[in-house]
Amino acid sequence: MSLIKINKKYPYKKHNRFQSETGRKYLVDESPVPSVTTILSATKDRKHLDDWRRRVGNTEADRIMNNASTVGTEMHRVLEFYYNGEKYFNETEEGIKPRKMAEVIKNSLRIDEVWGNEVSLAYKQEYAGTTDLVAIAYGKPSIVDFKQSNRPKREEWIEDYKCQLGAYYLAHKTHYGPIEQGVIAIATRDLQYQEFKLSEPLLHEYAEKFLERLETYKKTMKKG
């Protein structure tokens, strides 16, 4: 059993999520609201993704993305159990690589105290999402998000990750309490670790950028 220190500091409310014709949504006080990732996906610059699809072909692109989704889901499951102080072990072939990637994050990321794991966060009745971890990380109240990648990321590639943390930061600050830091923890397929930290001023900046994306999303939905 893990020696993770768990402190249920806030009474986090669970918001049920579901898939709709316009993407993933959450029920917030019985009202459906779009998910953070749906908003970001609908408003992102897709040029690089479209160029990549044309280069490798749709079949190969779908295979790579489905594989990444499978690996990412399993890696997150390993980390979820770990930060809950529970045991989990997938003995199948499909469980080996994600488990090793999760170990890279566990061994590299400094978590002093866990406040919540797979935490539902909603901002008023505007949007909602699930952050991987709310915790004391490196001595500061933090929103932590785990990512898997085929290769190390350049910082200019992770704008959406930062907007995602900004959205969670705003929701947590509004409905629960202060957050001083955002942490993006990435494990690559070849077991490298990358970490990007966002100070509170940066989280505030990216929360504003996310709200701009939200307004763009709303306009797009009205046109549709």
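This is a predicted model: local features need pLDDT of at least 70, side-chain atom pairs count only at pLDDT 80 or more; totals for chains, interfaces and linings use all residues.
Q: Which residues that line the largest pocket are the closest to its centre?
A: The lining of the largest pocket holds 49 residues. Among the elements that give two or more residues to this lining are α3 (58-83), β6 (140-149) and α5 (159-175). The closest to the centre are Lys44, Met65, Gln148, Lys153 and Tyr161.

Q: Which element supplies the largest share of the lining of the largest pocket?
A: Several elements give two or more residues to it, including β1 (17-20), β2 (23-28), α1 (36-43), α2 (47-56) and β5 (127-137). The largest share is 10 residues, and it comes from α3.

Q: And in the second largest pocket, which element gives the largest share of the lining?
A: This pocket has about 260 Å³ of space and is lined by 15 residues, with Asn84, Trp115, Gly116, Asn117 and Val119 nearest its centre. Both α3 and β4 (111-123) supply at least two residues of the lining. The largest share, 7 residues, comes from β4.

Q: How is α5 oriented relative to α6, which it packs against?
A: Helices α5 and α6 (residues 200-223) pack with their axes 7 Å apart, at an angle of about 100°. Angles of 65 to 115 degrees count as roughly perpendicular. Therefore α5 is, relative to α6, roughly perpendicular.

Q: How many residues of the contact of α5 with α6 are nonpolar?
A: On the α5 side, the contact includes Leu165, Ala167, Tyr169 and Leu170, while α6 brings Leu203, Phe210 and Leu211, among others. Of the residues in this contact, 2 are polar and 7 charged. The nonpolar ones number 10.

Q: Which strands stand at the edges of the open sheet of 3 strands?
A: The strand order is β1-β2-β3, with antiparallel pairing, and the twist averages 40° from one strand to the next. An edge strand has a single partner, so one side of it is left without a neighbour in the sheet. The strands at the edges are β1 and β3 (31-34).

Q: Which residue of β3 is the bridge partner of Lys25?
A: The antiparallel pairing of β2 with β3 runs over 4 bridges. For Lys25, the bridge partner in β3 is Pro34.

Notes
Residues are numbered from 1 along each chain as its sequence is written. Side-chain values use heavy atoms; hydrogens and water are left out. On a 1 Å grid over the protein atoms alone, a cavity is a set of points where a 1.4 Å probe fits but cannot get out, and a pocket is an open set with protein on both sides within 12 Å along at least five of seven lines; lining residues have an atom within 4 Å of a point. Grid points are joined across faces, edges and corners, and a volume is the space filled by probe spheres set on the points. Axes are lines fitted to C-alpha atoms, for helices over the stretch in contact, and angles run from 0 to 180 degrees between N-to-C directions. Angles under 35 degrees count as roughly parallel, over 145 as roughly antiparallel, 65 to 115 as roughly perpendicular and the rest as oblique. Contact means heavy atoms within 4.5 Å. Ala, Val, Leu, Ile, Met, Phe, Trp, Tyr, Cys and Pro count as nonpolar, Asp, Glu, Lys and Arg as charged, and the others, Gly among them, as polar. Two strands pair if DSSP finds at least two bridges between them.
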